Each structure stands twice: as structure tokens, then as C-alpha cells.
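Subject: Handover of a protein structure

Dear colleague,

Please find below the structure that I am handing over to you. My notes on it follow directly after.

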Amino acid sequence: MRLGVLDVGSNTVHLLVVDAHPGARPLPAHSHKAELRLAQLLDESGAIGPDGVGKLVATVRDALEAAEDKGVEAILPFATSAVREASNADDVLARVQAETGVELQVLTGAEEARLTFLAARRWFGWSSGKLLVLDIGGGSLEIAYGMDEEPDAAASLPLGAGRLTAGWLPTDPADPADVKALRRHVRTEIARTVGEFSRFGAPDHVVATSKTFKQLARLAGAARSTDGLYVQRELKRRSLEDWVPRLASMTADERAELPGVSPGRSGQLLAGALVAEGAMDLFAVETLEICPWALREGVILRRLDQMASE
């Protein structure tokens, strides 16, 4: 069947259309996305304002039209941290449902981590052994670890690249004092969770998902996205440590000129790099591998598993 996953994230609203059936690898057929940056549209009370909600409703409508055009049989709609943490989340969800008919499922941070872990496990297989998965979104950092398809430990921290940029790096280029303060904050937050994972022992394989990690790996010399899904892409901590001060000295426009960096994400890349560097350092990761599958694929795989058991 043809499924559509509608991901209302902190940065983008992304419809991924796949051809899938239980026991088979989901094959992407179409991608439709719009950058809303909901994580940066919160007002002082933590609410998504009327303009932001209106844009969200219009974007969901556009995604539904795209899904209909592509012959989607069923849509799996979900929302992550930006909607989850909005003080008016219930009102936002009610308006989206009333005006579009879409009932968004709000994932918890732990659910995000578990579904992303499932996707990584299926991609790399059992031979990857004990797996540590890192994912930097617009609103949060997800960490998961385990031997099976269900992780032994999962955590979600409020360390998304968009959230941190809006809250900690107000100038362009960033003020060195702000960068230093953000670096300290990131490492303090991550350090609080390390013990929860270290008791399970060192991982056999460390992987990362998300646009942030993909762009950082590209800067460090990884293959371009046009080279295909099956090319191995790695990010070494030493390369990342070299890039962080360079990114900190640049404006967003200058970062957008770098290979693999999109203009829409260039403003967030410094904050994302500080999170990636902090996570790799505190978890003692020298090299990680980029996983092409992430949360959206995890949602699809979980649905296919449910279909197979019905």
C-alpha cells in the first residue's frame, strides 16, 4: 500500500510518501516539505501565535493535497517537540483537526527516541550489536541505546538546534560569550544523562540521524546526498572539533555557502554543531555513522509491524 507520514516537526512540516507492505523495505515515492520553524514562533508565554497556527493549518492542507495527488491510502500524522511543548498545544491540535480533518498524534520525547532507534536498528541490522543512536532535531536531542529493536535506555533533551539558536544565539555572527555560555549549557544537560546509558557498557556501533548531523558530516568530507543512500558516511569528532570554531566565526549567509549546508538551516548549524560535539565528547564517541532512516521511517515501520500482527 501507499502510506504517507505527515511529520509536524520543530523546523519543517514534511510529508513522506512510501510504498510499503509488511516484511518489505519501505520505498520512498514522494517528499513534500515546508519550513515553518514552529520552535521559533513561540511567544513569551510559550504559545504558538495565531499567525503560526494559521500557517500550520495551511501547510497541513497543502500536504493533504499532495498526498491525494500521489494516491496515498492512509496518512500517519504526528507532531514533535514544538507542538508538544506549546502552552496552547490542545487548542492548536483542535484547530488543525477542525479545519483539515487531521488528528495529529503528539509523540513524547521518549517515543521519538524509540522510533528513531527502531529505524536505525532495521537499517543497520543485528550485526551492529549494541547500538547508540543520536538525533538532533529543531526542538530536542534524542538519545537511545540498546541491543534489540526496543532500546534499553531512551532520553529526550531540550537541545534542538532551532530552540537553542533562538534562545542563546541572538546575533549574527554569534557573540563569542554567547557561544561559550551555550557550550556550557549543552554539556551540562547532556552530562546529566550519560550515567543512564553508561551502565549498559560501551556501544558497538554509534549512529546519528537528522539534517544537522548529515550537514556536519558533509562538511567533514562525507559523500554528497546525490551519491545515494547506500554510501557509508561518517563523522569524526576530531573533524567536528575543527569545524566548530570556524562555524562560530561565520555569519549564517557564509555558512550557507559551505558544501551541503542549506540556506534554511545555516542559521541553526552552529548550535547543532555544539550539541553534536558535546554528545560525541561526553559519550566518548570518536566516530559515528550517518543513518539515512530516522523518525519518519520508524513511524512507518511500527505501523507495518502492527499491520502484520492484525
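In which helix does R238 lie? R238 lies in helix α8, which covers residues 237–248. Helices (H or I, at least four residues) and strands (E, at least two) are DSSP runs, numbered from the N terminus. R238 is exposed, with a relative accessible area of 68%. The terms used here are buried for under 20% relative accessible area, exposed for over 50% and partly exposed in between, with a 1.4 Å probe and protein chains only. Between the C-alpha atoms of R238 and A220, which are 18 residues apart along the chain, the separation is 9.6 Å.

Please note that this is a predicted model, in which local features need pLDDT of at least 70, side-chain atom pairs count only at pLDDT 80 or more, and totals for chains, interfaces and linings use all residues. Residues are numbered from 1 along each chain as its sequence is written, and side-chain values use heavy atoms, with hydrogens and water left out.

The chain as a whole

The protein chain contains 12 helices and 11 strands. Its radius of gyration is 19 Å, which agrees with the value near 19 Å that a compact globule of 310 residues would have. That radius is taken over C-alpha atoms, and the globule rule is 2.2 Å times the number of residues to the power 0.38. The C-alpha trace spans about 45 × 45 × 35 Å along its principal axes. Of the 310 residues, 52% are buried. Among contacts (heavy atoms within 4.5 Å) with a separation of 6 or more, 69% join residues 24 or more positions apart.

The second largest pocket

Rolling a probe the size of a water molecule over the atoms shows where empty space is left. A pocket is found on a 1 Å grid over the protein atoms alone, as an open set of points where a 1.4 Å probe fits, with protein on both sides within 12 Å along at least five of seven lines; its lining residues have an atom within 4 Å of a point. The second largest pocket has a volume of about 290 Å³. For this value, grid points are joined across faces, edges and corners, and the volume is the space filled by probe spheres set on the points. The elements that give two or more residues to its lining are β4 (74–79), α4 (109–124) and α12 (295–309). Of these, α12 gives the most, with 4 residues. The lining includes L76, F78, E111, R114, R302 and R303.

Some individual residues

Where does A20 lie, and is A20 buried or exposed? A20 is in the loop between β2 (12–19) and β3, and A20 counts as buried at 4% relative accessibility. Leaving aside residues up to four places away in sequence, A20 touches M1, P26 and L304. A20 and K236 are 216 residues apart in sequence, and their C-alpha atoms are 34 Å apart in space.

Two residues other than glycine have a positive phi: R37, near 55°, and S210, about 100°. R37 is in the loop between β3 (27–35) and α1 (50–69). S210 is in the loop between β9 (205–209) and α7 (211–219), and S210 is buried, with a relative accessible area of 11%.

Finally, the peptide bond from D172 to P173 is cis, with omega near 5°. P173 is in the loop between α5 (161–168) and α6 (176–198).

Yours sincerely
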